[in-house]
Amino acid sequence: MIINFSDDQDEVKIPKEAIALLKKGLQAVAKLHKLSAKTEVSVSLVSDEVIHVLNKDYRGIDRPTDVLSFALDEAEEPEETGGPEQHLLGDIIISAETAVRQGKEYGHGLNRELVYLGVHSLLHLLGYDHMKKEDKAVMRQKEEEALRMIGLSQEDIDAKEKDPEHFAVAVVDAAAKKKKKNKGKKTLADKLSAEDAAETAMPDEIARTAKGKDKMGKSDVKKADKTIGKLYKKALKARENAYVPFSKFKVGAAVLTKSGDIFTGCNIENSSFGLTVCAERVALFNAAASGIRPGEIKMLLVAADTDDVTSPCGACRQVMAEFEIPHIIMANVKGDLRKVTLEELLPFGFKAADFT
Ligand code: THU
């Protein structure tokens, strides 16, 4: 089985041995089920914040959980991509922070926790569940078999069993996923159109994955999604540092340079209100203070707790124009995203060329 693994979080350091064990556990499940070598599964480690958003979007559950399984609707895949990707099982999303926490709580450590979560989630993708007593017994047995294959003990499985809430796993079936997608609420890339994602992908990613063609394949969109996802996470993290004693309105922003560096900012208020500086400008000035100059920025993302996406103020738009930022992503903490161009945000903006 091919495991497309990615660690998409910066919150906790996951050691290599833990990842290796996780992969071993998944391969054990694959072996037990005689899955073909072409079968593919994506495994992503995320933060509590990201898994919280996914839980809210897909399950209406307003808290982070340890793991989510996103089964892929194979029947639809070839039609969507035109490609031969019938072997994709789906995505396993694990909260690294929760895995660390639960590993400590159980006293068996991160490595074992991570492999449990992975094995359990992969079994979900293969159609197992634990809603009914009989089904649960079968699933537990499969878990045991896989874990024993890699040398993990029965006590660990029993410890888990005592606290089933720690296996708060949801399988989002294809129908639910499609419904959400139609509503424009799936992954970050789905929230932008594929065309927008193509534009926002780093140029080298497009070159690498689309082999010089200007069309974007599914993997290119995924790559762009990763870039946007990273920027989004960084903006939300920066938002936590907002100094907002007056408005209590926290804003976070992140800028991505063409060479791939990310600079962040949050809003900083002042008792002399007019001196307040917005998150977008703090992020931009942060980049500028590190030597970034106009033309060197690929995109800026701004996010706050707004109903609709957060729209930058006029002053920030003018500063964005100075730095010639081609793409601006307006977002909110719920995960809504909208990409616009500078031209759309600030038509007829003031330029140096007007007085030089
Ligand atoms: N704010 C931003 O940080 N960015 C914007 O684009 C709009 C407004 C901040 C400034 C102030 O701290 C708070 O939001 C309320 O205006």
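## Close-up views of a predicted model

View 1. Residues are numbered from 1 along each chain as its sequence is written, and side-chain values use heavy atoms, with hydrogens and water left out. There are zero disulfides in the structure. Another cysteine, C266, counts as buried because its relative accessibility is 10%.

**View 2. The surroundings of the ligand.** Which residues surround the ligand? They are S247, F249, V251, N267, E269, T276, C278, A279, E280, S311, P312 and C313, where being near means having a heavy atom within 4 Å. N267 places a polar side-chain atom 2.9 Å from a ligand oxygen. For E269, the distance from a side-chain N or O atom to a ligand oxygen is 2.5 Å, and for E280 it is also 2.5 Å.

**View 3. Helix α13, a mostly covered helix.** Helices (H or I, at least four residues) and strands (E, at least two) are DSSP runs numbered from the N terminus. Of the 11 residues in α13 (279-289), eight are buried: A279, E280, R281, V282, A283, L284, A287 and A288. What do these buried residues pack against? Their partners are β6 (251-257), β7 (262-266), β8 (297-304) and α14 (314-322). After the helix comes G291, with a positive phi near 100°.

**View 4. The hairpin of β6 and β7.** These two strands pair in the antiparallel sense over five bridges; pairing requires DSSP to find at least two. One place to look is V255, whose bridge partner in β7 is F263. Four residues lie between the strands, and G260 in the turn has a positive phi of about 100°.

**View 5. T306 in a loop.** You will find T306 between β8 and α14. Its side chain reaches the backbone oxygen of D308 at 2.6 Å. The side chains of T306 and T310 are joined by a polar contact of 2.8 Å. Setting aside neighbours within four places in sequence, T306 is in contact (heavy atoms within 4.5 Å) with F249, A331, N332 and K334.

**View 6. Helix α6 from end to end.** This helix (133-149) has 17 residues and reaches 24 Å from first C-alpha to last, close to the expected 24 Å, which is 1.5 Å times one less than its number of residues. Its buried residues are M139, R140, E143, E144, A146 and L147. G151, which follows α6, has a positive phi near 85°.

**View 7. The chain as a setting for the close-ups.** In total the chain has 15 helices and 10 strands. Buried residues make up 47% of its 356 residues. Among contacts with a separation of 6 or more, 68% link residues 24 or more positions apart.

Methods: Predicted model: local features only at pLDDT ≥ 70, side-chain atom pairs only at ≥ 80, totals over all residues. Buried < 20%, exposed > 50% of the residue type's maximum accessible area, 1.4 Å probe, protein only. Disulfide = S-S within 2.5 Å. Polar contact = N/O pair within 3.5 Å; in protein donor to acceptor, adjacent residues only side chain to side chain.
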